[in-house]
Protein chains: 2
Amino acid sequence: MGIVRKTKALSTVLQIFEEKNEAKSVVHLIELVKDKMNKTTVYRILDRLEQDGTIHSFNGKDGLKWYAKCEGCSANHHSDKHPHFQCTKCDKVECLPLEIKIPSIKNHKVDSTDILLIGQCEVCSM
Amino acid sequence: MGIVRKTKALSTVLQIFEEKNEAKSVVHLIELVKDKMNKTTVYRILDRLEQDGTIHSFNGKDGLKWYAKCEGCSANHHSDKHPHFQCTKCDKVECLPLEIKIPSIKNHKVDSTDILLIGQCEVCSM
DNA sequence: TCTAATTTTGCAACTCAATTGCATTAACAA
DNA sequence: TTGTTAATGCAATTGAGTTGCAAAATTAGA
Ligand SMILES: [Mn+2]
Ligand SMILES: [Mn+2]
Ligand SMILES: [Zn+2]
Ligand SMILES: [Zn+2]
């Protein structure tokens, strides 16, 4: 089950995602709201929001878990199949609105892809 | 610095990679050699082999670290840019000898890619 | 508005991969 | 054979993420 009750902690987390369309690591989120709620609460709110199709998760370069807003997903269908980009200089992570073609692989069935591009972002590559 | 001395522990680990051309998770490797060496030693040997360009590492679906043999890499240049495939049924991980085209991204500089395809392997998709 | 059901939260304890410090052992150049 | 120092074992530690449980907050309905 996803979100059932509208709590203050939920609004606080949601607002962070509304403010700026940028991915956030859980570690960073916990730091951002550490005066307002417990880290367990952050994990649980993120879980519920993902189940609802409000946000989606993926792993960053360092192994940390990241979350970002969804577009056009719902509780029973996550349609986020886009790649992500992580900047090695400022550590910012972006969702990339593009499709990467995966060639078919002999005798294999590909269900999903997990693509992280690493490099320098718009700001840091100048 | 990479490998300097040829130790028994090193040979044991190297032999595992020689035997079969398949990726191994560190957790599995530690289990395989647990009667012969300490887990810290496994981590350190893998580090040194990666520095030498003998093996390369990447993260699996579950967040664990995996290693596989390199082909044509050296101490100062890792040329492994291939994607990996992880089977959801048997958990086997393979290096895929294919190139995935990454479209250029406006104002971004892509240095490396981290591509994991998830699905069913040759054995499990039948 | 008040009550009761139940979802949500805080907190402490825990798990597990990975790392670190340090004393001891093993490799190998001379 | 010996001295140097790389490599190892071991115990402690780190840090992200999880779990159990009691207390608090939300919300539907009386
Ligand atoms: Mn995304
Ligand atoms: Mn590989
Ligand atoms: Zn940047
Ligand atoms: Zn399989």
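In chain B, strands β4(B) and β6(B) pair in the parallel sense over 4 bridges. Two strands count as paired if DSSP finds at least two bridges between them. Strands are DSSP runs of E with at least two residues, numbered from the N terminus. Within this pairing, B:His84 stands opposite B:Leu116 in β6(B).

This is a predicted model, in which local features need pLDDT of at least 70, side-chain atom pairs count only at pLDDT 80 or more, and totals for chains, interfaces and linings use all residues. Residues are numbered from 1 along each chain as its sequence is written, chains are lettered from A and ligands numbered from 1 in the order in which they are written, and side-chain values use heavy atoms, with hydrogens and water left out.

**The metal sites**

The manganese ion (ligand 2) is coordinated by B:His56, B:His82, B:His84 and B:Cys95. Chain A supplies A:His56, A:His82, A:His84 and A:Cys95 to the manganese ion (ligand 1). Donors are N, O and S atoms within 2.8 Å of the metal (3.2 Å for Na, K and Ca); water is not among the atoms, so sites may look incomplete.

| Ion | Donor atoms | Distances |
|---|---|---|
| Manganese ion (ligand 1) | A:His56 (NE2), A:His82 (NE2), A:His84 (NE2), A:Cys95 (SG) | 2.0 to 2.2 Å |
| Manganese ion (ligand 2) | B:His56 (NE2), B:His82 (NE2), B:His84 (NE2), B:Cys95 (SG) | 2.0 to 2.2 Å |

Along the chain, the donors of the manganese ion (ligand 1) follow the spacing H-x25-H-x1-H-x10-C. A:His56 sits in strand β2 (residues 55–59) of chain A and A:Cys95 in strand β5 (residues 93–95) of chain A, so the pair ties together parts that are 39 residues apart in sequence. The donor residues of the manganese ion (ligand 2) are spaced H-x25-H-x1-H-x10-C. There, B:His82 lies in the loop between β3 (65–69) and β4 (84–87) of chain B, while B:Cys95 is in strand β5 (residues 93–95) of chain B; this pair links distant parts of the chain, 13 residues apart.

In chain A, 3 strands form an open sheet in the order β1-β3-β2, with antiparallel pairing. The edge strands are β1 (24–25) and β2 of chain A, each pairing on one side only. β2(A) meets strand β3 (residues 65–69) of chain A in the antiparallel sense over 5 bridges. In β3(A), A:Ala68 is the bridge partner of A:His56, and A:Lys65 is that of A:Asn59. The hairpin of β2(A) and β3(A) has 5 residues between the strands, and A:Gly63 there takes a positive phi near 95°.

**Where the chains meet**

The contact (heavy atoms within 4.5 Å) takes 29 residues from chain B and 29 residues from chain A. About 2400 Å² is buried between the chains, and carbon and sulfur atoms give 56% of it. Buried area is the accessible area (1.4 Å probe) that two parts lose on being put together, summed over both. In chain B, B:His108, B:Asp114 and B:Ile118 lose the most area to chain A, together 21% of what that side buries. Strand β6 (residues 109–120) of chain B gives the most to this side, with 12 residues.

β6 also joins the chains. Strand β6 (residues 109–120) of chain A and β6(B) pair in the antiparallel sense over 11 bridges. A:Ile115 has B:Ile115 as its bridge partner in β6(B), and A:Leu116 stands opposite B:Asp114.
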